[in-house]
Amino acid sequence: MREKTLNILQAAQKRGYAVGAFNVTNLETIQAVVEGANRLKSPCIIQATNKTMVYLGDKILGEMVNLVIENNSDKKTPIGFHLDHGASLDEVIRAIDLGMDSVMIDASRKNFQENLRITQQVVAYAHKRGVAVQAELGNVPYLGREEQNINWEEFMTDPEEAKQLVEESGVDALAVGIGNAHGFFRERELPDWDRLIKIKKLIPNIPLILHGASDWSAEKVSQAVDRGITCFNVDTDLRIAFITSLRDSLKDDYGLVDPRKVLSKAREKVQEKVQEKILMFARKK
């Protein structure tokens, strides 16, 4: 069933586990996330970026998500719908209009005061419409955008600034940087656990989100959850599962001309990955 993303995050925070926020790009990945969550009867979050909104069309994306959830066999599993890495108020407005109940405003590349100003603007707009807001503080690097040998101290979240941002913006959730990185960027050798503990201590009631942790081991995930992470974003691993399946299906069968055969296999592989991640995030010591 459709559920408020913030409710899902707060329930996980209260009970000491984490949920997965899974990026979707087409019908098959939406189906894979919903079916994976329902198979395990575990809450999760469907999320999409502006690129996916443009690719599918705003209304089509919104209708697809609602219809897949509504027509799935188990309608009791809580599933949220979230905008990932919104870059502007315009993108946030579009996401809210198509039916997302939670939005991320990513002004993390701005200086602190500008990040705060933009976040306040988004919070004011979204909260009037019953929509939760996630902000990001600190930078999570991308391959191709930053050099591999970076100064992590300049990228990670400042705990005192995190407290100020939350208090002065009224934001509902916060994405933090503790040495994590998007995609194939080389991460910090060890996450800065002390930094995460301090952030959690300063803003104990705010769900903390970790981006760029698709490939984290179960041990690292468990340590992050123990120190306050409530949600992990998963994008790259789902893309790899989908594309690898397509390549494997097509590489030797040149007579295959039915897209449904290859797409259904790719959907199964994404669903397997979704279930693997849900079990990992929800595991308690």
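Me: Axes here are lines fitted to C-alpha atoms, for helices over the stretch in contact. In this predicted model, how do helix α8 and helix α9 pack?
Reply: Helix α8 (residues 159-169) and α9 pack at an angle of about 30°. Their axes are 9 Å apart.

Me: What makes α8 roughly parallel or roughly antiparallel to α9?
Reply: The angle is about 30°. Angles under 35 degrees count as roughly parallel. Therefore α8 is roughly parallel to α9. As for handedness, α8 passes α9 in a right-handed crossing.

Me: Which residues meet where α8 packs on α9?
Reply: From α8 come P159, E160, A162 and K163. From α9 come R195, K198, I199 and L202. By class, this contact has four nonpolar and four charged residues, and no polar ones.

Me: Which residues of α9 are buried, and why are they said to be on the same side?
Reply: In α9 (residues 193-202), W193, R195, L196, I199 and K200 are buried. They cover an arc of only 155° around the axis, so they are on the same side of α9. The general rule is 3.6 residues a turn, so residues three or four places apart point the same way.

Me: What does the face of α9 turned away from the buried side carry?
Reply: That face carries the exposed residues D194 and K201.

Me: Why is Q47 called buried?
Reply: The relative accessibility of Q47 is 0%. Buried means under 20%. Therefore Q47 counts as buried.

Me: Where is Q47 found, and what is Q47 in contact with?
Reply: Q47 is in strand β2 (residues 44-48). Leaving aside neighbours within four places in sequence, Q47 is in contact with A21, F22, N23, V24, H82, D84 and N233.

Note on methods: Residues numbered from 1 in each chain as written. Predicted model: local features only at pLDDT ≥ 70, side-chain atom pairs only at ≥ 80, totals over all residues. Heavy atoms only, no water. Buried < 20%, exposed > 50% of the residue type's maximum accessible area, 1.4 Å probe, protein only. Helix = DSSP H or I, 4+ residues; strand = E, 2+ residues; numbered from the N terminus. Arc of directions from axis to C-beta. Axes fitted to C-alpha atoms, helices over the stretch in contact; angles between N-to-C directions. Parallel < 35°, antiparallel > 145°, perpendicular 65-115°, else oblique. Left-handed = near helix turned anticlockwise from the far one by under 90°. Contact = heavy atoms within 4.5 Å. Nonpolar A, V, L, I, M, F, W, Y, C, P; charged D, E, K, R; others polar.
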